[in-house]
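Welcome! Let us work through a few exercises together, with the structure open beside the text.

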Amino acid sequence: MEITIIEINERTQKLVQQLLDVWERSVRATHTFLSNEEIVSIKEYVPQALMGVKHLIVAMNKQGAPVAFMGIEDDSLEMLFIAPEERGKGLGKQLLLNGIQNYGVQRLAVNEQNPQAKGFYEHMGFKVYKRTETDEQGNPYPLLYMEL
C-alpha cells in the first residue's frame, strides 16, 4: 500500500471533514469504553483541535484520501488516529517515528482503557510516568502520561 505522509499547512474544511471521519471510525474501533453519546459529544471539539494543533501530519493513500493523522504540539503527541481498515499495517509506527525524528516527540497521554494503544506506545519505547483519574475534561477516563 502506497502511503504519503505530509504536514498540512492549509487546513481546508474538506480535509477537516475527512479527518473527522477517520477520527470517528478510529475511536469507534478502539475506544470501546465510550458510549455513542460521548463520542458524538467529543466529536464537536475535534475540528477545533485539528485547526488549533501546531503540527498536523496526515497519511494519505494513493487516491489522496487521508487514512491516518497525528497532531503535535511542542514535544508532545496530542493525537494519533488511524482508520480501522489501516490498523496493524505499520502506519502508526511510521507516523510516530516521523513525529519523534522530525518534530522531537517525547511525551504523550493515552486512555488507560485503550490497552492496545498503551501497548503500542510501550513497544515504541514510551514509559508511563504519571496517571490521572480523569481526562483533561474531568470525565472519569484515567489517562496515562508516557515519555520516551
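Predicted model: local features only at pLDDT ≥ 70, side-chain atom pairs only at ≥ 80, totals over all residues.

Residues are numbered from 1 along each chain as its sequence is written, and side-chain values use heavy atoms, with hydrogens and water left out.

**Exercise 1.** Find how Trp 23 and Phe 81 are arranged as an aromatic pair.

Solution. Start with the rule: rings of Phe, Tyr and Trp (its six-membered ring) pair if their centres lie within 6.5 Å, and planes under 30 degrees apart count as stacked, over 60 as edge-to-face and the rest as tilted. The structure holds 6 such aromatic pairs. For Trp 23 and Phe 81, the centres are 6.2 Å apart and the planes make 65 degrees, so the pair is edge-to-face. (Helices, H or I, of at least four residues and strands, E, of at least two are DSSP runs, numbered from the N terminus.) Finally, ring pairs link Trp 23, Phe 69 and Phe 81 into a cluster.

**Exercise 2.** Decide whether Tyr 121 is buried or exposed.

Solution. Buried means under 20% relative accessible area, exposed over 50%, and partly exposed in between (1.4 Å probe, protein chains only). Tyr 121 has 7% relative accessibility, so Tyr 121 counts as buried.

**Exercise 3.** Which ring does the charged end of Lys 130 sit over?

Solution. The test asks for NZ of Lys or CZ of Arg within 6 Å of the ring centre and within 35 degrees of the ring normal. The ring is that of Tyr 145, with the charged end of Lys 130 at 4.5 Å from its centre.
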